[in-house]
Amino acid sequence: MRIVIAGGHGQIALRLERLLSARGDEVAGIIRRAEQGDDLRSAGAEPVLLDLESASVEEVAEQLRGADAAVFAAGAGPGSGTARKETVDKGAAVLFADAAVRAGVRRFVVVSSMGADPAHQGDDVFDVYLRAKGEADTYVTRQGTLDWTILRPGSLTDEPGTGLVRLEAHTGRGPVTRDDVAAVLAELVDTPATAGLTLELIGGSTPVTVAVKSVAGN
């Protein structure tokens with residue numbers, strides 16, 4: 001498979017790139033800064049220099065043409081203000097979805113956030129973030145030509161992955177390692193029977209492959 005990842009230098013994305021390239025997939029990661037390229041190459045991914053806050057739909061679609069799947073893993077980051085929650089967490093996700101539609105890429109996986117909700121109230125940065133992610137998720141789910149899956153992890157940790165998770169429509173809050181999020185994403189990309197599902201993810205007791213198979217087609 002050829003898989004294009006938005007936010008290719010993110011902590012989850014770099015882990016995902018390593019997993020996908022190790023299993024023989026061709027991986028490209030979209031990055032904003034050229035100096036990030038070496039990290040992607042080390043992970044086995046091809047760096048694509050493109051700013052999703054300023055790129056056109058056609059520019060992004062050009063990078064997606066011929067891909068078997070697209071993964072949106074970009075984010076403004078914890079140090080950013082409310083404006084970039086709108087331009088990255090929402091705007092870039094919408095742009096990436098539009099570009100996938102234009103490029104004819106059907107499989108589309110989104111890394112969202114637990115609690116994402118377009119109707120979320122409040123004006124603090126995290127409130128704006130959850131609202132932006134919720135609005136982006138809603139937009140993606142309305143694209144009839146995308147085989148979308150939305151993944152909403154709990155609180156992220158850098159502990160070593162266990163390979164054991166809880167993956168359901170509603171899990172309740174809890175921690176999950178970035179390693180395990182990447183492992184679940186790698187399985188989801190390869191499991192189109194999960195299309196149309198919005199899934200929450202926390203640490204648990206079920207092996208990743210079993211957890212993904214158990215929700216597929218539900």
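This is a predicted model: local features need pLDDT of at least 70, side-chain atom pairs count only at pLDDT 80 or more; totals for chains, interfaces and linings use all residues.
Local features need pLDDT of at least 70 and side-chain atom pairs count only at pLDDT 80 or more, while totals for chains, interfaces and linings use all residues. Residues are numbered from 1 along each chain as its sequence is written, and side-chain values use heavy atoms, without hydrogens and water.

Nine strands build an open sheet of mixed pairing, in the order β3-β2-β1-β4-β5-β6-β10-β8-β11. Its edge strands, β3 (46-49) and β11 (206-207), each pair on one side only. Strands are DSSP runs of E of at least two residues, helices runs of H or I of at least four, numbered from the N terminus; two strands pair if DSSP finds at least two bridges between them. Strands β4 (residues 69-72) and β5 (residues 107-111) run parallel and are joined by four bridges. A69 stands opposite R107 in β5.

Helix α4 (residues 82-103) lies across β1 (2-6), β2 (26-31), β4 and β5. Its direction is at about 175 degrees to β4. Helix α5 also packs on the sheet, touching β4, β5 and β6, and makes about 160 degrees with β6. Axes are lines fitted to C-alpha atoms, for helices over the stretch in contact, with angles from 0 to 180 degrees between N-to-C directions.

Q143 sits in the loop between α5 (125-141) and β6 (147-153). It counts as buried (under 20% relative accessible area, 1.4 Å probe, protein chains only), because its relative accessibility is 16%. A polar atom of the Q143 side chain lies 2.9 Å from the backbone oxygen of Y139. Beyond neighbours within four places in sequence, Q143 is in contact (heavy atoms within 4.5 Å) with D98, V101 and W148.

Methods:
Buried means under 20% relative accessible area, exposed over 50%, partly exposed in between (1.4 Å probe, protein chains only). A polar contact is a pair of N or O atoms within 3.5 Å; within protein, one must be able to donate a hydrogen and the other to accept it, and residues adjacent in sequence count only if both atoms are side-chain atoms.
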